[in-house]
Amino acid sequence: MKSWRMTSLAATAAVALLLSGCGGTGGGDGGGSGGGKGELLVWVDNTRMPAARQYEKAHPDVRMRLVTIPPDAGYVPTKISLANRTRSGWPDVVFLANPAEAATLASARFGYAAPLDGLVPKSVRDGFTPGSLDTCTFGGKTYCLRNDIAPTVLWYDAKLMRRYGYPVPKTWAEYRRTGLKAASEHPGTIVGAINGKYGAGVYFGGSGCPTRDTLSLTEVHIDLGRPDCTRVADLLQPLVRAKAVTTVAPIDPGFAKFGKDGRILMLPAPAWFGDFMFAPAFKVPKGRIAAAPMPTWPGERRSYAGQVGGGAFLVSSHAGGRTNQAAALVQWMTTDVNLQAQQPTYPAFAAAAKKWGEAKSKDPYYASDPMPALSAAANSLRPGFGAVRFEADWQSSFNDTFVKAADSGGNLLDSLRSWQSKLKAAAETAGYTVG
């Protein structure tokens, strides 16, 4: 749980800076951007740096200064808060490893993110996977372009499923029955994990529970009493009691033991788990892991995916005369098909995702082609799940209420009232009106 506390502290520091009167004015001549040297100042992480250098080499007429930044939560908002105070040093382009921070950077008090609707053609924006730009959209304006997305799928161990004689569940009712049967017949086997965003985003986000439905930059809808929320608690209660679902976070080193011991039967999780968790972290051997669409809820004919991860690019409102150059770079970084096809995670741009999937379909690590499930999930993102300025508190409050109840053998349905209260307080502290 320590990592969530650290994240929350970083975000709290950023919000404190934001509320201390350090808001930017927006627009302007951009004299303070790029250190006033007339360069296109670009902040990206290590993964995006080679692509940025490629663009720089192909555009010698564009003076650029590339800076590597860490992917740490709260880093970008904190640094741009300081730039707001000194009125200099704003990056013209910035990559967010946590796209929820777009809600902070686009806020009126911050005044950093520039709307892209007039800078990136609608025909280009329409090429992104449906729903993928919702995270970037506030009040009908698009403030960022998604680099990659992280739709959730039902990952499962095909070898174990065959050995135990279990069919891959298509509904959440079947998922629960399979989980309880596995817990009884094969003690220690797990079918899911609930901790922080890996519980709140996967299960509640995928169900459509309004824990953070963004109505605008100043309004958010939170209502954990809805059936979309209570059905998740009802689903998980018996699985938690049977220890078929763990509260250990998948990114916690302790979770790896489940994989090493061959005890991960199923795991609803984001698309990037296929490459970055099962083999390197969980040590699941080649030829065992497969993907299926998320199970469906009663009364719904289609599967919906939650979201856990992904990245986004923003253009500064302070870029001035470099605004068009900044927008051109962001558009290229997110939509160039050949570039995006080589990136490690699921591209947000639909044409790039299709090409990216060609190699993924042939990857010998998987027990079967994962792309049908991944593509279906990418095109079935549950609406409503938005970028909010209380992201860290959204995660930590979930652990302090729902996960705490799971660990103590408490009533998960009752814990939703406590989570509701904490979410409302966190949203109001971040400057939202809660409806």
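Aspartate 92 and arginine 322 form a salt bridge between their side chains, with N and O 3.2 Å apart. A salt bridge here is a side-chain nitrogen of Lys or Arg within 4 Å of a carboxyl oxygen of Asp or Glu. Aspartate 92 lies in the loop between helix H3 (75-86) and strand E3 (93-96), and arginine 322 in the loop between strand E14 (311-315) and helix H12 (323-335), so the bridge ties together parts that are 230 residues apart in sequence. Helices (H or I, at least four residues) and strands (E, at least two) are DSSP runs, numbered from the N terminus. Aspartate 92 is buried at a relative accessible area of 0%, and arginine 322 also counts as buried, at 12%. Buried means under 20% relative accessible area, exposed means over 50%, and partly exposed lies in between (1.4 Å probe, protein chains only).

The model is predicted: local features need pLDDT of at least 70, side-chain atom pairs count only at pLDDT 80 or more, and totals for chains, interfaces and linings use all residues. Residues are numbered from 1 along each chain as its sequence is written, and side-chain values use heavy atoms, with hydrogens and water left out.

**Confidence**

The average pLDDT of the chain is 92, and 91% of the residues score at least 70. Over residues 1-31 the pLDDT is below 50, although this stretch has 63 contacts in the model beyond near neighbours in sequence. The pLDDT is the predictor's confidence in each residue, from 0 to 100, and a contact means heavy atoms within 4.5 Å. Where pLDDT is low, the predicted coordinates should not be read in detail.

**Further salt bridges**

The count of salt bridges comes to 15. Three of them are set out below.

| Pair | Closest N to O distance |
|---|---|
| Lysine 257 and aspartate 261 | 3.1 Å |
| Aspartate 261 and arginine 263 | 3.6 Å |

Aspartate 261 is partly exposed, with a relative accessible area of 38%. Its partner arginine 263 counts as partly exposed at 22%. Elsewhere, salt bridges that share partners join Arg231, Glu300 and Arg382 into one network.

**A buried arginine without a salt bridge**

Arginine 389 is placed in the loop between helix H15 (371-378) and helix H16 (391-408). This arginine is buried yet has no salt bridge, and the nearest side chain of opposite charge, glutamate 219, is 10 Å away. For charge, Lys and Arg count as positive and Asp and Glu as negative, while His and the chain ends are not counted. The side chain of arginine 389 reaches the backbone oxygen of leucine 217 at 2.8 Å. A polar atom of that side chain also lies 3.5 Å from the backbone oxygen of alanine 103.

**Aromatic residues**

The whole structure holds 26 aromatic pairs. The rings of phenylalanine 255 and phenylalanine 282 have centres 5.0 Å apart and planes at 50°, so this pair is tilted. Rings of Phe, Tyr and Trp (its six-membered ring) pair if their centres lie within 6.5 Å; planes under 30 degrees apart count as stacked, over 60 as edge-to-face and the rest as tilted. Phenylalanine 255 sits in the loop between strand E11 (245-246) and helix H10 (256-260), and phenylalanine 282 in the loop between helix H11 (273-276) and strand E13 (289-292), 27 residues apart. Phenylalanine 255 is buried at 0%, as is phenylalanine 282 at 1%. Both belong to one aromatic cluster, whose members include Trp155, Tyr198, Trp272 and Tyr366.

**Helix H8 and positive phi angles**

Tyr198 is also one of the buried residues of H8. Helix H8 (residues 197-207) is mostly covered, with 10 of its 11 residues buried. Just after H8, glycine 208 takes a positive phi of about 90°.

Lysine 243 has a positive phi of about 60° although it is not a glycine. This lysine lies in the loop between helix H9 (227-241) and E11 and is exposed, at 65%. Lysine 283 likewise has a positive phi of about 60°; its place is in the loop between H11 and E13, and it is partly exposed at 46%.

**Proline 151**

Proline 151 lies in the loop between strand E6 (145-148) and strand E7 (152-157) and counts as buried at 0%. Its C-alpha atom is separated by 4.7 Å from that of glutamine 307, 156 residues apart along the chain. Leaving aside neighbours within four places in sequence, proline 151 is in contact with several residues, among them Ala269, Pro270, Gly306 and Leu381.

Note on methods:
A polar contact is a pair of N or O atoms within 3.5 Å; within protein, one must be able to donate a hydrogen and the other to accept it, and residues adjacent in sequence count only if both atoms are side-chain atoms.
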